[in-house]
Structure formats: C-alpha cells, structure tokens
Amino acid sequence: MRLPPDPGRLADARSEPMPRACIQVLADALPEAVLFVDQSQRIRIASQPAAALFGHTVAALVDQPVDMLVPPHLRARHAALYDEFFRAPRLRPVLSGHNIHGLTQDGQEIPLAIGLGILATEDGPMAVVSLHDMSGAREDEHETLSAALAQKAADMRRLHEMATRLLSAATLPAMLAEMLASAMDLQDADLGTLRLFDPATRKLTIAARHGVSAGFVDRFRHSSADDNSIGSRALRLGKRVVVEDFEADRLSAPYLAAARVEGIRAGQATPILARDGSARGALSTYFRHPHRPSGRELHLTDLWMRMASEIVERAQTEQALAEARLAAERASHAKSRFLAAANHELRQPLQTLLLLLGVLQRQVASTASRTTLARIEDATMAMTGLVDELTFANHVEEGTIRVALADVAAGPVLRELADHFMPLAEAKGLRLRVVPSSLRMRTDRRLLGHMLARLVSNAIKYTQHGKILVGCRHDDGALRIEVWTTGAGIPVADIDAPPDAFHQLDGPANAGPGLGLYIAKRLADRLECRIGTFSGPGTVSRLTVFVPVVPPPAARWDVGPSDDQPVVLLVLEEPVQRDALRLLLEHEGYGVVAAGDLEGLLTALMTEEGPVPAAIVTEAGGQRGTEGLDLIQRIRALLGADIPAIAISESGMDIATWPDAPGAVTHAAKPLRPDALLAALHAALGTRAGGTGPHGLGETRHSFRSLPRGAEQDIAVIDDDPAVGEAVCEALVAQGRTVQVFASGEAFLATPGRGNFRLVLMDLSLPDMNGLALLRRLRSEQPATAVIFLTGDGDLSGAVEVMREGAADFLEKPVQIADLLASIERAPASRQAPHPAPHAAPDDVEKTLARERLATLTKRELEVLDLILVGQLNKNIAADLGISERTTEHHRQSVMRKLGVRSVAMLVRMTVQVDEVPRPH
C-alpha cells in the first residue's frame, strides 16, 4: 500500500545510500528545477529546468560552487545557511520574504523560493535544493507554494526509497517485480501486471504480476501487441491509457469475462520506454471499483517509470556485459588450456628429436653427415621457436608476463640485435647497421629485447632490398629507439592498425604467422612504451619505440651495491681477444668497460657513468705478473674499493709465487675455456658457478664438469611416452651415465633396489600416480634421492607445488642436453648429501638471511606472495585482493626485488627455508 508522505524531512542521512547513477536518473526525470549540492557546497547534479532557470547548461553547473548562482552581497549569508542546514538537516521551505535571490548567467537577480532536504548518497550526504521562480508571485501565494514545496520534497523522498529497493534487487525478475509493486503502491492499486514486448513476434509476455489469478495469467501470458487490451493500446500509442470502468469501455468488451472473474472494474496502462524511445513493454494496474488515479499519482507514476526503466535498462546492460566478460574469460581460459595441451604434445616429439640428434652427432664421423645433422637441428630449433612464440604470445595476451624495471644500458641491447640479425640481413642481401649508444633507459631489458627483436625481424622480413638502420637518441625525457627501412619496408598503416594476432602484413607467402608485431605492441603496453610510425617520401619508413630515459648522473663511479647488471673492467692488449671476451661477458649479462691499457681504462672510467665495477679481468703481464698486480692495485686505489680480480697469464705459474699477491686475485692460465673463466668470475663475485648468474639469480650459463660415475649415481627416467624416455636414456648413456627407463611411477616403485638410484628424472603428468604424488612418496621413503621434473606441463602452479615438495629442479620440454646435464650436475652428488626434504632445516646463515628478507615485506606484499606461491596469475591476484592488475604487478616486482630473486623457483626455495614466513603485527 501507499507510504504516507513525511513532510518533516526528505530522507534520513543514515538510510541506505543512493547511488550517484540513480540520483542522475531522478534529476533527469524531474520536470522541476532541482540541484544536488554536497557538503563542500559544490553542485554535483542539476536538472535541466534548474539550469534553464539560471540561463546555464547542465554541464556548466556540475562541479561548480553553488555560490555562482547567488548574488555577491548574499553569499556570506548563503554559506552560513548551508552550514547550519548540514548540522541539522530538516526540510526547510524558505520564501521570498527571507530575501532569497538567484543570479542568472546574464547578471540578473531573480527572487526564489527554495526547499531544502537531505539525501544519503554513496558520496556522502547531499542537500536537495528545490527551486521556484517567484518573479511576479503575489504575497498570498507564498503559503500555498510552501506547502507545494513540502509535498514535492516528500514525493522525492518516496521515489528515493523506491529506487533504493529496486537497486537492492538481485536479479532481473526481482527488479521487474519491485518495479510493479512500487507503481501499484503509488496508485493504491489492487492488482497489476508487467509485460515485456518482443518486437520480432509482436508478443507481450507477463514478466511480473501481483494479485491476479493463475487463470488470468494463462489467458494473457502471451498476448498480441495488436489486440485491444489496455497494455497493448498503451504500447502502440506510446502513452498512458486509462479506463475508469471496463463495463463502459467498448474496446474492453472481449476481456470483460476475465475482468469479472478477477473482480476488476478499472485500470490504467503505462508504456515502458527505452532511452531511445522504443517500446520495451507495458505496466498495468487494476482497481476493484470504478476509479481514475489522481493527477499527482499519475505524475509520480511517470517519474517512477522513467527512473525504473533507466535503472532496469542499465542493469540489463551490466548483466549483458558481465555475461560477455564471463564468456570472453571462458574462451580465453579454453584457448589457454588448448595451447597448453598443444604445447605439451608438440614438445614431446621435439624433445625426442633433439635428444636423438645429440646421440647421432656423437656417433657419426663424416663432415657431410654432421652438416646434415646440424641443418636438421636448426630446423628442429626453428620448430621449437615457433612453439615458444605461440606460447609467449598467449602469456602476453593473458598478462602473466612479469615486468622487472631497471636502469638498462642501451649499448649491450643494440649489440645483441646486431649480433643476432646481421647474418639474417646479409643472407637476404640487406645492409643492417646498428649504431652504438652510451645512453641508459628505464625498462625491462628482457622484454624490451623481445619487442625490439620482433620489430627488427619484421623490418628484415618486409624489406626486399636496401638498408635497415637501428639506433637511438635522446628526445625530451625519452629514449627513441628507431628502426629505419628502405624499399617496401614496414607498412606503416598496418603498424598503426589495432593489434590482431592472426593478421599478417602483405609480404612473402612464407612470412610466418604474423605474431611479431602483435607481440611487440602488447609488450609496449606492458612496458608503458609507445610505438610511433613515420612514412617519408619515396620508400622510407621508420618505427620508433619511446622508452623512459635515465638522466645521466655526474661522471663518477659511486661505490655501493647496484640494482643494474654488474660491470667488469676488462684490460687486454690484444684487440681481437679483448673484443671476443667482451662479447662473452656481455652475452652472460655483465656490463663491460674495455680498454687496451691502463690509460685507456682511466679515460673510460672518467667518461662512463655507472655503478662501481664488480670485478677486474686483466693479463698478468711482465715477469711474474707484476704489471697485472700493479694495474689491479692502481684501479682499486682509484675507485677506493677492494674489487675482486682475475689475472690471466701465459703460463701455468701459481699465483702464490707472485710478490705481495693480494688475496682477492684469482689466477687463470691460457688457453682459457669460456666456461672456466665464467666459473672463476662467478666465484670471485661470491656466486656459485653453474648455479647462479652475475646477479646471483640463477640465469647464467653453467660450467659442465662430469659427475662421478658408479652404481650410486644411477638415474631413473620415468615418462609415459616411450620415445621420450628412450631418447633421454640414450642421451644420458652417451654421457657415461647408467640409466633405467620406467613407463609409470608404479613400475618404478615395484623395482627392487630402487633406493640405489641417486636421481629420478620424471614427467609431471604421469598416468595413475602423477609426478607430484610420486615425489611425495619418495620424500618419505628415500629422501636421499633427488628428483628433477622434465615436463611439457611447465605451468606456474605445478612448478610451485613440486618445488615446495622438495624437487631439485623443474625443466620444460624441449630441453637441450647441456641444460639437462647442468641440472643433473646441480643435484646432490651422493646419497650422503641428499637433497633436503621440504621441512629439513637449511643452513642457519641462509635461513637467517631468508627470514630477514621476508621480514622486509609489507602486509600487502605478503598477501601477493601467498597468492604467487599457489600459482595465481596477476589478474586473479588483483581480483582476490580488490586491487588493479597494474598495482599487483608493482607489488610482485617489489617482492622479487626485496627478496633478491628473479624466478618463482627461487622464491619457493627461499620460503621453504623458513619454518614460517614472518608476518607484521
């Protein structure tokens, strides 16, 4: 039934807050002049009549101080009135006798009567200001107007309560039922129906009803929009139809029998209209006696129908968008699952092929056969590259690629491009020139390299003749990395087109799947870079990547830790050897300052900017290495730091024979193998050779020393794919290992003497007992056996889980023999030094260091860490924590930086070292 109006106040500020969207709908529906003003006395919403009253547009009033509508000499009093009102919000009609005037846009003052009410909103309480122009009004009209304003405020409060109930409805049917119930309440009606219109069939279908019988519903459930029922008439006319007595209405004669059964004598129908004016349905209310709703009731019904239609339409739109998003997410997940399955199935035969090639290369002797095998290996690696490209494209699209920003030197990045693409360009008859640079930028070196590689690759692919130039320059706070082409070049129009993973630019028929530019543009978005294009006269085009630049500091070397790549000072007299060693170190991830002598090195140190060098590599030189010692000591004195050094000599003399040999100098004799030099450099920097890189983060090349062999070093290979198992077996046997292959975990467990196996190399996706279950069994029954996973299902959650359970390593197929041997080398060397179980106590120093680093994490970073460790993607972490995906990425980078790790595997190893991750109180 109808709610009694409350003239005392418009709405309780403590009632259910009204959404801003609903207030806007209310303002749009009102024919009166109304302003919604917040506590800062700014206009937040204005009705069209209010704007017209003052000669403004609605847009010109929103977010402006309400004082703009008040004459200057009244503004102080006006501000005090609002302050008093918000302290005690009650309905306050104020007439012209209180000297209330408004100021129009042309500077004219107009007398006003206003009504003030309070409205609870999501943005806090707002004053609802009802305005009436008193120009020409007589004094005796004031009391009548005051009552009218009070009634208007009560009506608005009522509409507010109805809208709040409508917005709280959880489903569309519930919203339609509430829409009908509120309309019946406004008219004090006895029965009602709400029918929706289908333009395709021109049928009206009952979607909500109240008070009518089941027989009435069956009679009118699906009725024609072209019949003479009041709902159909209102729909066709586009306006309300009122029948005060059905018995006297000629057009209602076909429906009198049904009306008499229900006891209906009168009714009205109001069309439900969309924003564009199209018919959406009809709402009908019925009365048990001859009746016509009052003008005020019908006016409120019109306001309510406009508000409710807008709210329901928005809800339908939001529901459709939510369903579309859900469908898109499901499609994305299905695509990811398909690619993961395809990735696994493709990598299995590729793994077998690579391992068998490794065996054949050790068995054949003829040069021609080796050349053929090398070409087969190149083709296999190309196929692997295509699988990697598809997988990488999926990760980029899913947003699971982690961005690790750092200060990066442009020079090594450009040199890598030159080294990689120069042979490709020359093979096509193109001239590729890469201009060196000493500038620095703020970016993720790995992802920037991926992006630039794809841009240069496409430049080579689509340039049929001429030149390609790659270089960079400083441009107003950004580093411009430019790729210039001649000939047809890169089609600029296609570069500017929206990304399309399946769009291939016009080019050779075998130009590839067209993923390169798609990935490049997506990576640019992740790195917050911008790709610009230019097409000059003739046949010249240019692509420009704008990367944030690092401002050059003063030309000096600051002693202290660096977040950037470690820098090695390289002093070798022979230029060919110096350049070769520089390339090796840069490829390994080091920054290099190279010179032929001390004078050249000092010049470079005075002109280059960067962190303190991490190591010195030089020749011993002179009798008993005195020149090398002198150079090392002078560099240390210049920089004021005891920098580790490696001295390379022509003979195998012992460094202990050097006079006053400093303790932090490592001796190496020529000829020097690259992996031995890198191992010595890693050791000098305090990192494990073969296990960690220049940052101590497990991403460098490995030294390959053979493991001791014997029964105790037997290796078990468990894989349900016989071809993969046999290929791994042959590859390891060729290296002198003793290997036994099993097709399942059950077959391995049933083998007598399985405790003699030092290492188990297994797939994660095994039939029946999977790899994780077998790992847990081994950890409890034979903890001395190390376990390495070699799988095509290298998903994050799987890696996290097996590393938590104590796996020694987790490798993704296809894997090179060298990488597999390096992983085996890092595994425990004997049963007397087993791989620690998940809960075994680590070394006290490492445990203390892990706890100290974990203690530096904030509460939010710990929440992100917990979700990373269960394999959650960034977008899922963001949804779980109620933050943006970009914020999640920043927290993830902060966690990795504070803990000093660069992979999830290292993250897991660190967390399992401590009994419990420290939590802030």
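Isoleucine 118 stands opposite alanine 127 in strand 6, and these residues belong to a predicted model, in which local features need pLDDT of at least 70, side-chain atom pairs count only at pLDDT 80 or more, and totals for chains, interfaces and linings use all residues. Residues are numbered from 1 along each chain as its sequence is written, and side-chain values use heavy atoms, with hydrogens and water left out. The protein chain has 29 helices and 31 strands, where helices (H or I, at least four residues) and strands (E, at least two) are DSSP runs numbered from the N terminus.

**Strand 6 and its partners**

- Strand 5 (residues 109-119) and strand 6 run antiparallel and are joined by eight bridges, two strands being counted as paired if DSSP finds at least two bridges between them.
- The hairpin of strand 5 and strand 6 has six residues between the strands, and in this hairpin glycine 124 takes a positive phi near 105°.
- Strand 1 (residues 33-37) is also antiparallel to strand 6, to which five bridges join it, and leucine 35 of this pairing stands opposite valine 129 in strand 6.
- Six of the eight residues of strand 6 (residues 126-133) are buried, and the strand is thus described as mostly covered; buried means under 20% relative accessible area, exposed over 50%, and partly exposed in between (1.4 Å probe, protein chains only).

**The hairpin of strands 16 and 17**

- Strand 16 (residues 467-475) runs antiparallel to strand 17, with eight bridges joining the two, and arginine 473 stands opposite arginine 480 in strand 17.
- Two residues lie between the strands of this hairpin, in which aspartate 476 adopts a positive phi near 50°.
- Strand 17 (residues 478-485) is largely enclosed by the rest of the structure, because seven of its eight residues are buried.

- Five strands, in the order 28-27-29-30-31, form an open sheet whose pairing is parallel.
- Strand 28 (739-742) and strand 31 (809-812) stand at the edges with a single partner strand each, so one side of each is left without a neighbour in the sheet.
- From one strand to the next, the twist averages 20°, where axes are lines fitted to C-alpha atoms, for helices over the stretch in contact, and angles run from 0 to 180 degrees between N-to-C directions.
- Four bridges in the parallel sense pair strand 27 (residues 715-718) with strand 28, and valine 717 has valine 741 in strand 28 as its bridge partner.
- Helix 22 (residues 771-781) packs on the sheet, touching strand 27, strand 29 (759-762) and strand 30 (786-791), and its direction makes about 175° with that of strand 30; contact means heavy atoms within 4.5 Å.

**Threonine 301 in helix 10**

- Threonine 301 lies in helix 10 (residues 295-363), and with a relative accessibility of 0% this threonine counts as buried.
- The side chain of threonine 301 makes a polar contact of 3.0 Å with the side chain of glutamine 187; a polar contact is a pair of N or O atoms within 3.5 Å, and within protein one must be able to donate a hydrogen and the other to accept it, while residues adjacent in sequence count only if both atoms are side-chain atoms.
- Leaving aside residues up to four places away in sequence, threonine 301 touches Leu186, Gln187, Arg240 and Thr270.

**Positive phi in loops**

- Most residues other than glycine have a negative phi.
- Aspartate 188, in the loop between helix 6 (172-187) and strand 7 (191-198), has a positive phi near 55° and is partly exposed at 30% relative accessibility.
- Arginine 202 also has a positive phi, of about 55°; its place is in the loop between strand 7 and strand 8 (203-210), where arginine 202 is partly exposed with a relative accessible area of 34%.

**Cysteines and whole-chain totals**

- A search of the whole structure finds zero disulfides, a disulfide being a pair of cysteine sulfur atoms within 2.5 Å.
- Cysteine 472 is buried at a relative accessible area of 18%, and cysteine 729 counts as buried at 13% relative accessibility.
- Of the 921 residues in the protein chain, 49% are buried.
- Among the contacts in the protein chain with a separation of 6 or more, 65% come from residues 24 or more positions apart.
- The accessible surface of the protein chain comes to about 42700 Å², with 54% of this area belonging to carbon and sulfur atoms; accessible areas come from the Shrake-Rupley method with a 1.4 Å probe, and for residues only the protein chains shown count as cover.
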